[in-house]
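Here is a brief report on the packing inside one protein model. It starts at the core and then turns to a helix pair.

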Amino acid sequence: MGQLCGRCLQLLRDFVAMVQRTSAELLHNIKECLILISSCSCLKQSSSKGRQLYKPILQPHERATAQEFLQHIQTGFKMSPLGKDTLEALRTLAFSENPALQQSAALYYLHMSQHMNVPLPVEHLEPFYALLRSADLEVQQMSSLSLVNFLLERNIDKELVVQMGLLEPILELLESGDPTVQCNSCACTMTLAISESNQEAIGAAQGITPLLALANSYDPRVQQNAVGAILNLTQSEKIQQVLCKEGALPILTLLLESADSEVQYYSCTALSNMAANAQHHPAMLRTGDRFLLRALVSLLSSSVDKVSSQACVCLRNLATSADTQAEIVAHNVLPKLLSLLASGNKDVRCAAVALLWILCQHPRNQDALTCAELLQSLGMLLAAHKTDPVIVGHTACIIQNLSLSKNRQRIVESPCVEGLLQTMLSTDIQEDSLHYVTSCLAELAKQEGATLHMVQWMDEPLTKCLLRLAGQLERTEPSFQAASVIQHMIGHEKMMLLLKCHVKEIQAYLKNFLTHQEIRFQQLGISTFCRLQEDPEFSLAFRKSQMTKLLEQVRQQTEETQELLRAANCHADS
């Protein structure tokens, strides 16, 4: 073989030098790349993976502990399942670098969480710290699942889990690449977040950001638990602020359109909690060009009762302004509410009637809402649910609000009046409900057309009921409103015949009204007295009972009061 000439030899030397320079630069770039990857947060929980580069050596004490532990299991737990010896063995196994030993400890806790319904001693939380931070995926899966089981069965105190330092490894597992681990850690976080003190701890430990990321997970189990955790966190007003800053509103709003009804319910309830705080309303309504209202109105048609019910609650919490109320009504909400009012589910009915009550408060909506179908539904609600305080109270308020519109005559001719009158007869009606019912009837009775309609329904039981309520001064408002209804119906032949059977009861409540401290009671008593006195039978009865003398005493007291007032005014002027 010939020798290279000088020129070729130089070219070869230059090539070797170039390769050396390139290799050095490549090696430097590779090192920089590896440094950047190793410092990324996605590898936080995997910082101990270097252990996998060598086969862990089973230490003599670990081998002895494992053999002893296995022997105890095989002999049927001769030692206490959660005793001191067991704890020491579990500590040794959990803090071992050997994945097989850690798996044994995790499997033991998993078995205990599924078969023992007893409180877990606080000392047994210590091994969980090592198990949750294990580099072994199976250990992470089993230990996180057993912790979920213990929490759900209330065998571990939620606050104690955080106090023992387990919150940090639980939150670190949220960033695991394994859906099972994510699911379990979300479930742990969701359960821990029920506690008020834990809610702030989760927020302080930066747990909200990974939860919001997992709320968009493609795994339905992970997504459900992540949104469930966010829901529990919204019970804290302080965490609500953090959620808004972290961008939770658009995420929760979009989840209303999820195909998973559980996710819909969780996200809707979370938004309801936030909507209970009026300071969040501007941001909530701005999201997606007011997309939230449209999505919530759409959910009213959900076939899942708790979803449609919670949509009503969220809309009700948002409808604090007249403009928002009008916007909701403009979304053709009435047909959906009519369907919900006829639901067989009590919670749905109550949520729907409460939303309707909010919407009809503003005069702008009253004419739009007043239709034959709604009035028919309200009458049927009163007839079927006389003892339900939520249904009765809200329905009476709705009828009263709608009666202020130009459609009052439609209300008078509807089943609503009969429903209100019959509801008064219920012996189980609560005080607040009775107040709303009598107030509504008193408002309707101010119109002659409504009074004529009421008189048609009056009978002996209803007359007795009104007189009994009028005589119960301890129930101030129902007493006054019942007496007001009676006063407006005086003069109608049928009502006068019914009242003449109860002269003593009428005289008794009128005496109380005439001597009452409140001027409105005195004025109503005098007005009723004057109208009844036009009838010869009542006039005779009043003279015999010295009602006229009582009225004269009231007149004298009134004149004396007027004299004192004139004197006081003169003194003030001088």
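## Nonpolar core

The largest nonpolar core holds 167 residues, and those with the most contacts inside it are Leu 374 and Leu 378. Such a core is a set of buried Ala, Val, Leu, Ile, Met, Phe, Trp, Tyr and Cys residues joined through side-chain atoms within 4.5 Å. H21 gives the most to this core, with nine residues.

The model is predicted: local features need pLDDT of at least 70, side-chain atom pairs count only at pLDDT 80 or more, and totals for chains, interfaces and linings use all residues. Residues are numbered from 1 along each chain as its sequence is written, and side-chain values use heavy atoms, with hydrogens and water left out.

Leu 378 sits in helix H23, residues 372-384 (helices are DSSP runs of H or I, at least four residues, numbered from the N terminus). Leu 378 counts as buried because its relative accessibility is 0% (buried means under 20% relative accessible area, 1.4 Å probe, protein chains only).

Beyond four places in sequence, Leu 378 contacts Leu 356, Thr 395, Ile 398, Ile 399, Leu 402 and Cys 416 (contact: heavy atoms within 4.5 Å). Thr 395 is 17 residues away in sequence, with a C-alpha to C-alpha distance of 6.4 Å.

## H20 against H21

Helices H20 (residues 334-341) and H21 (residues 346-359) pack at about 140 degrees, axes 8 Å apart (axes are lines fitted to C-alpha atoms over the stretch in contact; angles run from 0 to 180 degrees between N-to-C directions). Leu 337, Leu 340 and Leu 341 of H20 meet H21 residues including Arg 349 and Leu 356.

Terms used: Helix = DSSP H or I, 4+ residues; strand = E, 2+ residues; numbered from the N terminus. Buried < 20%, exposed > 50% of the residue type's maximum accessible area, 1.4 Å probe, protein only.
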